[in-house]
Amino acid sequence: MPKLKGVQIELTGRCNENCVHCYIPQDDRNHDMDSALLERIIDQCGKMGAERITFSGGEPMLHPDFLKAVVRANCKGLKVRILSNLLLLDDNKLATLKECHIHEIQTSLYSTEPTIHDAITQIFGSCERTKQGIAKLTQYGIPVFISCPITTINKNSYPVVLDFAKRFGASSVPDNMILAQSDGNGKNLEYRLNIDEALQVIQDILDNDTAYDHERFSPNYNNIEEALPCVQNICSDAICINAKGEVIPQPEWYKVLGDLNNQTLKDIWENSPEIKSLREINLKRFPKCESCPAIQFCGMDLGANANENLSRDPFVIPEHICILAESTRKLVHSHKSKLSKETA
Ligand code: SF4
Ligand code: SF4
């Protein structure tokens with residue numbers, strides 16, 4: 001039986017932003033996790049010897065017992081990570097987060113320019129509040145990770161976000177793969193970069209070396225299955241729980257594996273037939289991938305696959321994934337050969 005190491009809990013579906021690219025459907029953005037259930041889940045994570053817990057949302061700080069949950073998880077010896085837009089960060093929360101030695105807070109900054117960031121969140125003033133939150137966290141010595149999801153609205157903004165992150169000593173990474181809404185509606189995909197735009201971002205990254213992902217763009221995998229971790233890693237050491245208390249494989253993948261309102265986490269982790277079948281998935285389910293030269297550049301993800309077709313089938317690979325992976329492979333190879341000619 002694999003050991004459960006990480007659990008992500010969606011404290012609430014509610015959010016104080018309304019991002020154009022959000023994968024959470026509007027109908028799911030309306031409830032908080034029951035507080036007694038939340039306590040039970042944290043205790044069960046501790047009992048099972050989990051190492052890390054992530055509190056997400058919606059916006060987790062909207063949950064009335066957000067701080068209590070952080071303190072409880074910390075007391076159980078869990079490393080706490082938080083995904084938040086920081087709009088509700090105040091001195092009281094900062095003091096508790098500092099006391100609890102929070103492992104990391106991850107936030108999204110789309111641009112340092114308010115008109116661009118706020119056009120994505122659809123909340124006036126959110127850019128300034130998120131930037132102030134980042135500054136406060138670094139002032140308190142709380143590690144921050146800045147994610148910069150790239151949409152059609154902010155496609156030229158990520159270099160300034162990376163510079164901003166550097167100034168505050170924060171880690172950061174641009175992300176040009178917007179996930180489809182988990183109800184299969186696909187409406188948010190109008191904000192995803194098309195292939196040409198996504199390749200332009202990768203070319204810029206290669207040319208400017210601002211966020212060159214050496215590990216990902218290097219052929220350093222020991223075997224082919226390592227190159228497509230999404231296939232091997234499902235329910236291997238981590239699980240997610242939504243605000244209703246349902247256990248799901250990944251935050252964006254609405255596939256119910258068990259219900260914590262009437263089952264224990266241990267029972268679901270060890271006995272759920274759905275989890276067992278997910279653990280049996282291997283590369284053989286994707287014969288085209290086994291011999292694919294672009295596998296190391298591939299961002300294929302079972303949950304993302306499921307969200308992109310009406311039958312919600314995780315084994316149907318969206319066409320753009322393969323086109324983008326192959327085009328990235330060619331870009332990186334030509335970049336490397338240009339570099340080696342320059343140094344020869
Ligand atoms: S802050 Fe996160 S959860 Fe809230 S709307 Fe934006 S992407 Fe969705
Ligand atoms: S690019 Fe397509 S065929 Fe190749 S590994 Fe990825 S999903 Fe499979």
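The model described here is predicted. The shell around ligand 2 consists of 12 nonpolar residues and 1 charged residue, with no polar residue among them. Of the 13 residues around this ligand, those that come nearest are Cys 289, Cys 292, Cys 298, Cys 322 and Ala 325. Helix 11 (287-290) and helix 13 (319-343) each supply at least two residues of this shell, and helix 13 gives the most, with 3 residues.

Ligand 1 has a shell of 4 nonpolar, 4 polar and 2 charged residues. The surrounding residues are Cys 15, Glu 17, Asn 18, Cys 19, Cys 22, Ile 24, Gly 57, Gly 58, Glu 59 and Asn 85.

## Overall build

The protein chain has 13 helices and 9 strands. Its radius of gyration is 20 Å, close to the 20 Å that the globule rule gives for 344 residues, so the chain is as compact as a globular protein of that length. Along the principal axes, the C-alpha atoms fill a box of roughly 60 × 45 × 35 Å.

Of the 344 residues, 39% count as buried. Among contacts in the chain with a separation of 6 or more, 71% are between residues 24 or more positions apart.

In what order do the strands of the open sheet lie? The order of its 9 strands is 6-5-4-3-2-1-7-8-9, and the pairing is mixed. Strand 6 and strand 9 (258-259) stand at the edges with a single partner strand each, so one side of each has no neighbour in the sheet. In general, the strands of a sheet pair through backbone hydrogen bonds, either parallel or antiparallel.

Strand 1 (residues 6-10) pairs with strand 2 in the parallel sense over 5 bridges; Gln 8 has Thr 54 of strand 2 as its bridge partner. Strand 2 (residues 52-56) is mostly covered, with 4 of its 5 residues buried. Strand 5 and strand 6 also run parallel and are joined by 5 bridges, with Cys 148 opposite Pro 174 of strand 6.

## Strand 8 and Ile 248

Strand 7 (residues 238-241) and strand 8 (residues 246-248) pair in the antiparallel sense over 2 bridges. The bridge partner of Cys 240 in strand 8 is Ile 248.

Is Ile 248 buried or exposed? Ile 248 is buried, because 22 other C-beta atoms lie within 10 Å and the cut-off for a buried residue is 20 or more. Leaving aside residues up to four places away in sequence, Ile 248 touches Cys 240, Asn 242, Trp 253, Tyr 254, Lys 255, Val 256 and Leu 257. Ile 248 and Ile 275 are 27 residues apart in sequence, and their C-alpha atoms are 9.3 Å apart in space.

## Helix 6

Which residues of helix 6 are buried? In this helix (residues 158-167), they are Tyr 158, Val 161, Leu 162 and Ala 165. These residues cover an arc of only 100° around the axis, which puts them on the same side of helix 6. They pack against strand 5 (144-149) and strand 6 (171-175).

The face of helix 6 turned away from its buried side carries the exposed residues Asp 163 and Arg 167. Gly 169, which follows helix 6, has a positive phi near 65°.

## Backbone exceptions

Most residues other than glycine have a negative phi, and most peptide bonds are trans. Gly 57 and Gly 58 are joined by a cis peptide bond with an omega of about 20°. Gly 58 lies in the loop between strand 2 and helix 2 (66-75), and both glycines are listed around ligand 1.

Leu 86 is not a glycine but has a positive phi of about 70°. Leu 86 sits in the loop between strand 3 (79-83) and helix 3 (91-99) and counts as buried, with 24 C-beta neighbours inside 10 Å. His 101, also not a glycine, has a positive phi of about 50°. His 101 is in the loop between helix 3 and strand 4 (104-108) and counts as exposed, with 12 C-beta neighbours inside 10 Å.

Technical notes: Residues numbered from 1 in each chain as written. Chains lettered and ligands numbered in written order. Predicted model: local features only at pLDDT ≥ 70, side-chain atom pairs only at ≥ 80, totals over all residues. Near = placed C-beta within 6 Å. Nonpolar A, V, L, I, M, F, W, Y, C, P; charged D, E, K, R; others polar. Rg over C-alpha atoms; globule rule 2.2 N^0.38 Å. Contact = placed C-beta atoms within 7 Å. Arc of directions from axis to C-beta. Pairing = 2+ DSSP bridges.
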